[in-house]
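The sequence and structure come before the analysis.

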Amino acid sequence: MSTATMTAPVRGKSDGRIGLRANLRHIGALVRRNAMQIRYEPFAMFDALAQPIVFALLFTYVFGGAMTGGNRSEYVNYFIPGLMAMGGLNIAMSIGIGVNDDFSKGVMDRFRTMPIARSSVLIAKLIVEAGRMLVSTVILLIMGFIMGFELETGPVQLLAAVALSVVFGSSLTWIFMLLGMSLSTPQAVSGMGFIVMMPLQFGSSIFAPTATMPGWLRSFTEYNPLSRLADAARALTSGHGAVAEPVLVTLGWAVALTVIVAPLAVRRFRIKTS
C-alpha cells in the first residue's frame with residue numbers, strides 16, 4: 001500500500017467527512033495491504049487451508065461409520081454441507097484474535113493520524129476474511145468430492161450454498177472483531193470465542209441429525225443459525241428438503257448481525273484509535 005494513497009489530503013465535504021469515492025479507494029488500498037501480508041506470511045492461510053481437510057477426515061472416519069451404520073459415504077453427503085456452515089465461524093474467530101494482536105503490537109496506531117474513515121479498516125479486513133472463507137470452502141468441497149461427496153443438484157445450487165456460507169460467515173466476523181477490540185489479550189479472545197463456538201457448533205445439525213437429541217437441545221438447534229445454514233446447504237446440494245425457508249432465515253440472521261454489530265465494532269474502533 002503506497003503512503004501517498006493513504007496520506008494524501010482528502011477533498012471532501014466542509015465538515016471533514018470523507019466522500020464515498022475516497023472511502024472506496026482507501027478500502028481498496030487496505031485490502032491490497034492485508035492481502036500482501038498474507039502473501040509474505042503464508043502461515044496466515046494455514047487455518048483456511050488445513051482446517052477443512054482435517055475436519056473432513058477426522059469426523060468422517062472417526063464418527064461417520066458409527067452415525068450411519070458403517071455407511072461413510074452417506075455421512076459424507078450429510079456432513080460436508082454442514083461443515084460449510086462451520087468453516088466461516090472458525091475463520092471469523094481467528095480475525096478477532098488477529099485484531100487484538102494488531103492493537104497489542106501497535107499496528108493500529110498508524111491509523112490515528114491518517115485521513116481515512118475508521119470503518120474502511122474493518123471493512124477491508126472483512127473483505128479479505130471473506131476471501132479466506134471462500135478459499136477454505138473450495139478446499140472443503142474438493143476434499144469432499146475426493147471422499148465421495150455427491151452433488152445431486154447442479155453448479156448453480158452449489159454456488160448458492162457457497163455464497164450463503166460466505167455471507168453468513170462474514171456477518172460473524174463483525175462479532176469477533178468487536179470481541180478482539182473489547183478484550184485485553186489474544187488469549188481472552190480465544191477463550192471467549194470457544195465459549196461462543198462450542199454450543200453453536202455441537203448444538204446444531206452440522207454433525208448429526210437432531211431427531212435423536214433431547215427435547216431441550218432440539219429446541220435450541222431449531223433456533224441455532226448454524227443449523228439453518230447447514231440445512232440450507234444440504235437442501236441446495238442434495239435437492240431434498242425445503243430450500244426457501246432455511247435460506248431466508250440464514251440471510252435474516254446475517255443481515256441482523258451486521259446491522260446490529262457492525263456499528264458497535266466501528267464505534268469501538270474509533271474509540272481505540274482516537
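## The largest pocket

Which elements each supply at least two residues of the lining of the largest pocket? They are α2, α3, α4, α5 and α7 (186-202). Helices here are DSSP runs of H or I with at least four residues, strands are runs of E with at least two, and both are numbered from the N terminus. The model is a predicted one, in which local features need pLDDT of at least 70 and side-chain atom pairs count only at pLDDT 80 or more, whereas totals for chains, interfaces and linings use all residues. Residues are numbered from 1 along each chain as its sequence is written, and side-chain values use heavy atoms, with hydrogens and water left out.

The largest pocket holds about 950 Å³ of space. Its lining comprises 33 residues, and those nearest the centre are Ala44, Ser94, Ile95, Gly98 and Arg132. Helix α4 contributes the largest share, 10 residues. By class, the lining has 17 nonpolar, 7 polar and 9 charged residues; Ala, Val, Leu, Ile, Met, Phe, Trp, Tyr, Cys and Pro count as nonpolar, Asp, Glu, Lys and Arg as charged, and the others, Gly among them, as polar.

## Enclosed cavities

Rolling a probe the size of a water molecule over the atoms shows where empty space is left. On a 1 Å grid over the protein atoms alone, a cavity is a set of points where a 1.4 Å probe fits but cannot get out, while a pocket is an open set with protein on both sides within 12 Å along at least five of seven lines; lining residues have an atom within 4 Å of a point. Grid points are joined across faces, edges and corners, and a volume is the space filled by probe spheres set on the points. The structure contains 2 cavities of 30 Å³ or more.

The largest cavity has a volume of about 130 Å³. Of the 18 residues that line it, Leu83, Met86, Gly87, Gly88 and Ser136 lie nearest its centre. Two or more lining residues come from each of α3 (46-67), α4 (72-104), α5 (118-147) and α6 (155-182), and α4 gives the most, with 7 residues. This lining is made up of 10 nonpolar, 7 polar and 1 charged residues.

## Aromatic contacts

There are 9 aromatic pairs in the structure. Rings of Phe, Tyr and Trp (its six-membered ring) pair if their centres lie within 6.5 Å, and planes under 30 degrees apart count as stacked, over 60 as edge-to-face and the rest as tilted. Tyr75 and Tyr78 form a stacked pair, with 6.4 Å centre to centre and 25° between the planes. The two tyrosines lie in helix α4, 3 residues apart, about one turn of the helix. They also belong to one aromatic cluster together with Phe55, Phe59, Phe79, Phe202 and Phe207.

A charge sits over a ring if NZ of Lys or CZ of Arg is within 6 Å of the ring centre and within 35 degrees of the ring normal. Arg234 lies over the face of Tyr78, at 3.6 Å from the ring centre. Lys272 is placed over the face of Phe103, at 4.9 Å from the ring centre.

## Overall fold and burial

The protein chain has 10 helices and 0 strands. With 274 residues, a compact globule would have a radius of gyration near 19 Å, and the 20 Å of the protein chain agrees with this; the radius is taken over C-alpha atoms, and the globule rule is 2.2 Å times the number of residues to the power 0.38. The C-alpha atoms fill a box of roughly 65 × 35 × 35 Å along the principal axes.

Of the 274 residues, 47% count as buried, where buried means under 20% relative accessible area, exposed over 50% and partly exposed in between (1.4 Å probe, protein chains only). Tyr75 and Tyr78 are both buried. Asn224, in the loop between α8 (215-223) and α9 (225-238), counts as buried because its relative accessibility is 1%. Its C-alpha atom is separated by 6.5 Å from that of Ser204, 20 residues apart along the chain. Ala254, in helix α10 (residues 244-272), is buried with a relative accessible area of 5%. The C-alpha atoms of Ala254 and Leu164 are separated by 9.4 Å, although these residues are 90 apart along the chain.
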